[in-house]
Amino acid sequence: MGEDMSDGHQQNGHENVPSRQRRRFPGISSRAYEHPADRSALVALRKLSGFDTVFKALSGLLPERSLRLLFLSDSVRVSDQQFAHLNDMLRDACYILDLEKVPPMYVNQDPQPNAMCIGLDEPIIVVTTGLVELLDEEEMRAVIGHEVGHALSGHSVYRTILLFLTSLALKVAWIPLGNLAIMAIVTALREWFRKSELSADRAGLLVGQDLTASMRGLMKLAGGNHLHEMNVDSFLKQAEEYEAGGDLRDSVLKILNVLPRSHPFTTIRAAELKKWSESRDHQRIMDGHYPRRSEDKDTSVTDSFRESAASYASNVKTSKDPLMKLVSDLAGGAGDLGGRVRRGFGGFASSAPQDRPPTDPTDEPGPANGTDTPPRDN
């Protein structure tokens, strides 16, 4: 069972911050909170023979040492003497998720609110001054839990590679095929990383154990420090409107908008986290029933991919997005593909002559009055 952390009590040198009851999860595996698509990729990579060796060898090629020296020399390292309240939150988050080695954390001068977990050999966490100034203590606790979740899952390795490949793609942009090959890998990594962000949001909730604070933090990332002007329910309705609104053209634009991003849109993250917080999976973790790290080596790659496929299929089936609804209908055996596509693009349905009654009941529809040929959408 998970362990309660009671008010003001110290266990193994970790002070319970804040002073209220919260649960910790001894030996918890990152599989407990990972999004199915994220989990299947990680399970497969962990099963690859020599995977750790290869990526550690890459550390000589990647600018990791440079990044570490940069943050050490030009940022403030969190400790008992510097940003002590953040240090307490970091140690607390590692204690709750049972991460044995507390990763170093730095505060970097940058007005843009941001946080990241990078590193091949050992993860390091970086938060910007913009983020520290924007969030209150409980919101910040969820963010630090989010980054510790990245560290526990091993996401820092792939994030570092993503940063390196993105930089490399810019440097070789003049090489026609070289740039295309790298950008194909970057696009795939970004899709995986967007799912890993949903995983880390769940880890942040397990650490903070305050859904309202997690929602507040996401709203502030979207709209700044104006909570008195914002409302959680209205913010979540934006996600519903975004998913269901528009026609097939909007669905295509959504895909194009999200492709270059490493993070899902903020309203989507909020809706996904709220949905997970109400799930049986989350409740089981809070009750102390979760996969252990000691069982990771026995995890089936096939089962993980099956869960991932089932998750994607479920998302398509339940989605209100016009394109996803079309895919779901076609997968279910629905016919009239051309008609469905035309109706999906709103201009066809609204202006097609066959949708209007003939002016003369005796008229026969034919090519002369345009009913056999849909009009051009200019």
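His 282 is buried in this predicted model, at 11% relative accessibility. This histidine is part of helix 13, which covers residues 280-286. Setting aside neighbours within four places in sequence, His 282 touches Leu 205, Leu 206, Trp 276 and Ser 277.

Two of those partners turn up again if you look at Leu 211. Leaving out neighbours within four places in sequence, Leu 211 is in contact with Leu 205, Leu 273, Lys 274 and Ser 277. Leu 211 and Ser 277 sit 66 residues apart in sequence, yet their C-alpha atoms are 7.6 Å apart in space. How exposed is Leu 211? Its relative accessibility is 25%, so Leu 211 counts as partly exposed.

Helix 9 (residues 211-223) packs against helix 10 (residues 232-244) at an angle of about 65°, and the two axes are 11 Å apart. That angle makes helix 9 roughly perpendicular to helix 10, since the range for that label runs from 65 to 115 degrees. The crossing of helix 9 past helix 10 is left-handed.

Which residues meet where these helices pack? From helix 9 come Met 215, Leu 218, Met 219 and Ala 222, and from helix 10 come Val 232, Phe 235 and Leu 236. Sorted by class, this contact has seven nonpolar residues, with no polar and no charged ones.

Now for the cysteines. How many disulfides does the structure hold? The count is zero. In general, a disulfide is a covalent bond joining the sulfur atoms of two cysteines. For Cys 94, the closest cysteine sulfur is the one in Cys 117, and at 9.8 Å that is too far for a bond; the cut-off for a disulfide is sulfur atoms within 2.5 Å. Looking from the other end, Cys 117 is in no disulfide either, with the sulfur of Cys 94 as its nearest cysteine sulfur.

Are these two cysteines buried or exposed? Cys 94 is buried, with a relative accessible area of 1%, and Cys 117 is buried too, with a relative accessible area of 4%.

Here are the accessibility values side by side:

| Residue | Relative accessible area | Class |
|---|---|---|
| Cys 94 | 1% | buried |
| Cys 117 | 4% | buried |
| His 282 | 11% | buried |
| Leu 211 | 25% | partly exposed |

Terms used. Residues numbered from 1 in each chain as written. Predicted model: local features only at pLDDT ≥ 70, side-chain atom pairs only at ≥ 80, totals over all residues. Heavy atoms only, no water. Axes fitted to C-alpha atoms, helices over the stretch in contact; angles between N-to-C directions. Helix = DSSP H or I, 4+ residues; strand = E, 2+ residues; numbered from the N terminus. Parallel < 35°, antiparallel > 145°, perpendicular 65-115°, else oblique. Left-handed = near helix turned anticlockwise from the far one by under 90°. Contact = heavy atoms within 4.5 Å. Nonpolar A, V, L, I, M, F, W, Y, C, P; charged D, E, K, R; others polar. Buried < 20%, exposed > 50% of the residue type's maximum accessible area, 1.4 Å probe, protein only.
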